[in-house]
Every structure is written in structure tokens, then in C-alpha cells.
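Here is a short briefing to read alongside the sequence and the model. It goes topic by topic.

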Amino acid sequence: LASFLATGLLCAFWLAIRASKYASGWWLSAILIVAGLTITESRTGGLGATIGLIGLLISCRSKRVCFFITLAVLFGVLAGKGVLMLRPDQLKASAQVVSSGGKLSTVTDHRPLNTDERMEWNRQHSGAERRVMIAGSLIMIAQRPMLGFGLGSFESQFPLTLAIHGLRNPFTVTVAHPHNELLYVWSEGGILAFVGLLLCLLVLTRPFFSWRSASSAVLMLPLLM
């Protein structure tokens, strides 16, 4: 979600800069997306948006436009922080009814109830899960670097790879994507698909003599992270 928001944010700014009319609508959209991205408190989304915005500012030769982008980001962050202040400090305890061996049982949610503590708990588990996804993807690539495992194979091969190599699988749902396009393409399509993606990126990021062509290349950065 945060990566898509970060991509939409960069697209909104890019369209606002290029728009000959209705530019105010794009600027407003950008502010709202910044606020939404701030509310997610996603580290990956924030990093992708930050790197993309830096690239956009570097490619933009107008100090006036750079000022408006900075101002819009500031307004969006403040709006998002304001919404976050409205959330409760304590969450309600919850329990889940599960079926095991034909019998229903209640499983208590042991996650922290304090909002800040729950966020820290989520970040720790998210970081651990991301490391497992990277490790599993790299093992898959090392196993079949030339041909890969085939299109659509990641979601079935990933848990199998973890089990074979003795890595704990922390996921309770099917993982269909490692949250990294480079690892995803190489693990499924092999070296040719990986090189093809790099060539595609090279074409898209090739600096032309127009700042608009160069700036359009940064729009995909959040999706690659």
C-alpha cells in the first residue's frame, strides 16, 4: 500500500508540474497522498517517496517549483500527523475462533494493546519478515540463476525453499511477491529476465536533454524497493 501511495505521490507531483490547467487539483492530490502516506507510518514507503522526491527535485530546474513541492510535502506531513494524533492510545483486546480437529477453540491475541507498543511490535515483525523474503529469494536465485523457477512460481517455491534450507517461515498467508521487483523477476525468470528489466530501467532512466524526461524516470523508484 505504502509503495503504491509513494508512486502515486510522485505521479501527482509530476502531473502538477506539467499541467497547463487544473494544476491545483494535482497539487491538492499530492498533499492528500502525502498525508495518507504519513498515516501508514511505513518505513519502506517513506524511503521510496523520499528518494523519488529527491530525484524529482534534482531534475527540476525551477526553484519556484521546488519550493511548491517542499511546501506541499510539509502540509501533507502536518495533516497526516494531525490525523495520527486522533487515534486511541489503547486498542481493544481481541480473540479469534479457530477450528482444530473438528473442535472450535478461542485463541487470544497476545499482541500489545498500547498503540505505540503495537506499532513497534509490528515494525519488528515486518523487518524480520522482510529479511526472510530477501534470504529466501536469494537462495532461489542461487539455485537456478540462469533459468529461474518459471512464471508464477514464487508463491509455491518460496515456502518450499525455506523449509528445505531450515529457515523459519513467519508468514501465516501465502507470499506471492518478495516486495522487490529485481529479486522477483530474477527468481522467476532467471538472468535473461533480470537483464531485460535492467535494460528497461536503463531506457527509462536515460537522461535526455529535457528535465521532464529525466524526472519521469523517478516515478517507479518506490516500486523497486
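**Core, salt bridges and surface**

Leaving aside neighbours within four places in sequence, Leu9 is in contact with Ala30, Ile33, Val34, Leu37, Ala49 and Leu53; contact means heavy atoms within 4.5 Å. This is a predicted model, in which local features need pLDDT of at least 70 and side-chain atom pairs count only at pLDDT 80 or more, while totals for chains, interfaces and linings use all residues. Residues are numbered from 1 along each chain as its sequence is written, and side-chain values use heavy atoms, with hydrogens and water left out.

**Nonpolar cores**

- A nonpolar core is a set of buried Ala, Val, Leu, Ile, Met, Phe, Trp, Tyr and Cys residues joined through side-chain atoms within 4.5 Å.
- Buried means under 20% relative accessible area, exposed means over 50%, and partly exposed lies in between (1.4 Å probe, protein chains only).
- The largest nonpolar core has 23 residues. Leu9, Phe13, Trp27, Leu37, Leu53, Leu56 and Ile69 touch the most other members.
- Four helices, α1 (2–18), α2 (23–40), α3 (43–59) and α4 (63–84), each supply at least two residues of this core. The top contributor is α1, with 9 residues.
- Helices (H or I, at least four residues) and strands (E, at least two) are DSSP runs, numbered from the N terminus.

**Salt bridges**

- The structure holds 3 salt bridges. Each is a side-chain nitrogen of Lys or Arg within 4 Å of a carboxyl oxygen of Asp or Glu.
- Glu41 pairs with Arg87, with the closest N and O atoms 3.1 Å apart. Glu41 sits in the loop between α2 and α3, and Arg87 in the loop between α4 and β1 (95–100). The two are 46 residues apart, so this pair links distant parts of the chain.
- Glu41 is partly exposed, at 22% relative accessible area. Arg87 is also partly exposed, at 27%.
- Arg123 forms a salt bridge with Glu41 too, with closest N and O atoms 4.0 Å apart. Arg123 lies in helix α5 (residues 115–143), 82 residues from Glu41. Arg123 counts as partly exposed, at 24% relative accessibility.
- Arg87 and Asp116 meet through their side chains in a salt bridge (3.6 Å, N to O). Asp116 is in helix α5, 29 residues from Arg87. At 53% relative accessibility, Asp116 counts as exposed.
- Shared partners join Glu41, Arg87, Asp116 and Arg123 into one network.

**Helix α6**

- Which residues of helix α6 (residues 154–164) are buried? They are Phe154, Gln157, Phe158, Thr161 and Leu162.
- The face turned away from the buried side carries the exposed residues Ser156, Ala163 and Ile164.
- Gly166 follows α6, and its phi is positive, near 70°.

**Surface patch**

- Leu74, Phe75 and Leu78 make a nonpolar surface patch of about 300 Å².
- Patch residues have over 30% relative accessible area and no salt bridge; nonpolar side chains (Val, Leu, Ile, Met, Phe, Trp, Tyr) are joined within 5 Å, and like charges within 9 Å.
- Phe75 is in helix α4. It is partly exposed, with a relative accessible area of 45%.

Conventions: Accessible areas come from the Shrake-Rupley method with a 1.4 Å probe; for residues, only the protein chains shown count as cover.
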